[in-house]
Amino acid sequence: MGDIDSDLHRANLHQYVGNKGEVLVLDAAYPGDTASVHDILKLASHYRTAATLLGECSPRGKPPSHAPRRFLALHSIELYLNAFLLAKGRDPKMIRGLQHDIGERSRWAKEAGLIFRKRTEEHLATLSSNREYLVTRYDPAATLSQVNRVMATLEELSQKVRKVVEGAAPLQQRASGKG
């Protein structure tokens, strides 16, 4: 019989000490493990909407004020790519293993048939090589790609991924006899 910590780890549980000194054992299943392709697509859309709305009230000419908008847009891009990869049958654990590497996600998406405009493909690679997702979170004064370019990349992905995922739903329903 192993010790309690290794038993908890094998069961995917973690032990925490609560505010009042009590021992809590929580299931450490990865958040989103049960999310469907359509759930991820909706979440991406919500982040996209938030980025768009934030852009409407961000002061122009003050790049640090664009950091929250950029972060929301980058997260939305990541989620759209995740939705596409899930729709194409990629294993969620493999996708999670990419962490926030937008460049690798976009390469996988391209291999799976997502066609980017040349400028968008180059921008996705730049986002990754410049580590914009990480830098945006911690260095609002950093020089990054223009927020308008980030939003254009997001728009292209949202349109193309929605078309693929929403177009696949009727085919899946017919194949399973639900349509």
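R48 is buried in this predicted model, at 19% relative accessibility. Buried here denotes under 20% relative accessible area, exposed over 50%, and partly exposed in between (1.4 Å probe, protein chains only). R48 pairs with E155 in a salt bridge, and the closest N and O atoms lie 2.8 Å apart. A salt bridge requires a side-chain nitrogen of Lys or Arg within 4 Å of a carboxyl oxygen of Asp or Glu. The pair connects distant parts of the chain. R48 belongs to helix α2 (residues 37–57), E155 to helix α8 (residues 147–176), and 107 residues separate them. Helices are DSSP runs (H or I, at least four residues), as are strands (E, at least two), numbered from the N terminus. E155 is partly exposed, with a relative accessible area of 26%.

The model is predicted, so confidence limits apply: local features need pLDDT of at least 70, side-chain atom pairs count only at pLDDT 80 or more, and totals for chains, interfaces and linings use all residues. Residues are numbered from 1 along each chain as its sequence is written, and side-chain values use heavy atoms, with hydrogens and water left out.

The salt-bridge rule gives a count of nine. Among them is the bridge between E156 and R117, with an N to O distance of 2.8 Å. E156 also lies in helix α8, whereas R117 occupies the loop between α5 and α6 (118–129). These partners are 39 residues apart, and the bridge links distant parts of the chain. E156 is buried, at 7% relative accessible area. R117 is partly exposed, at 46% relative accessibility. Shared partners extend this pair: salt bridges join R117, E156 and K160 into one network.

A further salt bridge brings together the side chains of E111 and R90, at 4.0 Å from N to O. E111 is exposed, with a relative accessible area of 63%. R90 counts as partly exposed, at 25%.

Beyond its neighbours within four places in sequence, L86 is in contact (heavy atoms within 4.5 Å) with V37, I40, P92 and I95. L86 and V37 are 49 residues apart along the chain, yet their C-alpha atoms are separated by 6.1 Å.
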